[in-house]
Amino acid sequence: NVKKDRTFAWLENSYKDMARERYLLENQLEKEKNVIVNNILSRIIKGYYKREIDVEKALEQYQISFIYENYRIVVWSVDDYSKLFFQDNPELEADTLELLHFLIENVGGECLRKVITSVYSVECDNLVVFILNYPGTENEEKMQEALIYQNNQVKKILKDKFGLRLTWFDSKQYNRISNLKVAYMECLTKME
């Protein structure tokens, strides 16, 4: 009877260990998937894939899907990093940058989803980029007005609540995902 109790206890502990390891592995995979998706979208934005078929293969391989054929990009830039970072502590600087991007992605994503439901955030070149994906049936002029309003709301919220001075730039509408590089370059040109 004692042997059965020990065997059961051993099986129970083994099951708990396996369940805990599985949970940790699933969380690790989810975190890594986010990094991979960000990396793939960043590579598309930077134009690493030269052909449309290569873009489609990368998206398919990592199960990244866009619903609609129209795209637009919004790029967020910090006006002055010097007030945010602690020069003598690189670890605090990295944490601050991560927190800053987290705030922009969350506040920006929430506001932009009031206009367009399909919004993807990507960290690229120390900027936060929103890929907006929407159907071609939208009235482009009205949508542009709504986006300007929402982006200004994001800017106001982040300035009022967190003292962050940010600037945003947007591209015009493009109709193929391979044109995200062109949209990104359009925003970078506006930044200069």
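Is K46 buried, partly exposed or exposed, and what is its relative accessible area?

A: This is a predicted model, in which local features need pLDDT of at least 70 and side-chain atom pairs count only at pLDDT 80 or more, while totals for chains, interfaces and linings use all residues. Residues are numbered from 1 along each chain as its sequence is written, and side-chain values use heavy atoms, with hydrogens and water left out.

K46 is partly exposed, at a relative accessible area of 28%. Here buried means under 20%, exposed over 50% and partly exposed in between, with a 1.4 Å probe and protein chains only.

K46 takes part in a salt bridge with D125, whose closest N and O atoms are 3.0 Å apart. The term requires a side-chain nitrogen of Lys or Arg within 4 Å of a carboxyl oxygen of Asp or Glu. This pair links distant parts of the chain, 79 residues apart: K46 belongs to helix α1 (residues 2–46), and D125 to the loop between β2 (118–124) and β3 (127–134). Helices (H or I, at least four residues) and strands (E, at least two) are DSSP runs, numbered from the N terminus. D125 is also partly exposed, with a relative accessible area of 44%.

The structure has eight salt bridges by this rule. Among them is the one between D160 and K156, at 2.7 Å from N to O. Both residues lie in helix α4 (residues 140–162), four residues apart, or about one turn of the helix. D160 is exposed at 52% relative accessible area, whereas K156 is partly exposed at 48%.
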